[in-house]
Amino acid sequence: MRRTGTTRRGALTATGALALGAVLTGCGGDDDGAGGKKPAHSGARATSAKAEKALREKAVRDGALLLARYDLVAEAHPAAAAGLEPLRAAVAEHGKALAPPRAKGEPKGDKAPPAPAGPVSADPKAAVRELAAAERRRADAHTEALLGAGPELARLLASVAAAAAAHAYLLTELAEETAV
């Protein structure tokens, strides 16, 4: 009997497709080898640096919201907390990796994470499924952001998007195993 829904093979295929997209996005020509001449679009690089910083800041904010959501679900459903902890730790690491580089002497600027919108479902399975949906949205958002990112950030976003897709799959499986 064939199982329907997300399978490991499907999740791995999607992850591979995201990684391939990141590699292809990151494989662009380099204008620095133009015979020592200054590239004609040097002003665009300054603009893209601002856009890249904005992309990073948005990704960090979204990750902070997701972390807060993980905390709320773990607090509301202690039985699911052990299964959520490794995924939550990975989301925290993604936030550190995506954080924009600080200028010399700039304060750390550790702000409290924003509170997630809405309450957590009273049903543990539904709460974990909601986390899976949030991870899917995160994967989609990072994949969409690839278009406006430079090569290095695009590779990082693709990697985080692939991880978010894997998290969504694992959370879906965890929801099925979670006792009501």
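View 1. Leaving aside neighbours within four places in sequence, His 77 is in contact (heavy atoms within 4.5 Å) with Val 120, Ser 121, Ala 122, Asp 123, Pro 124 and Ala 127. His 77 lies in the loop between helix 2 (42-76) and helix 3 (78-98), where helices are DSSP runs (H or I) of at least four residues, numbered from the N terminus. Because its relative accessibility is 9%, His 77 counts as buried, a word that means under 20% relative accessible area with a 1.4 Å probe and protein chains only.

**View 2. The crossing of helix 4 and helix 5.** The axes of helix 4 (residues 124-145) and helix 5 (residues 151-177), which are lines fitted to C-alpha atoms over the stretch in contact, come within 8 Å and cross at roughly 165°. The two helices are therefore roughly antiparallel to each other, a term used for angles over 145 degrees.

**View 3. The largest nonpolar core.** A nonpolar core is a set of buried Ala, Val, Leu, Ile, Met, Phe, Trp, Tyr and Cys residues joined through side-chain atoms within 4.5 Å. Of the 16 residues in the largest one, Leu 66, Tyr 70, Leu 84, Val 128, Leu 131 and Leu 171 touch the most other members, and the largest share, 5 residues, comes from helix 4.

**Notes on the model.** Residues are numbered from 1 along each chain as its sequence is written, and side-chain values use heavy atoms, without hydrogens and water. In this predicted model, local features need pLDDT of at least 70 and side-chain atom pairs count only at pLDDT 80 or more, while totals for chains, interfaces and linings use all residues.

How values were computed:
Buried < 20%, exposed > 50% of the residue type's maximum accessible area, 1.4 Å probe, protein only. Axes fitted to C-alpha atoms, helices over the stretch in contact; angles between N-to-C directions. Parallel < 35°, antiparallel > 145°, perpendicular 65-115°, else oblique.
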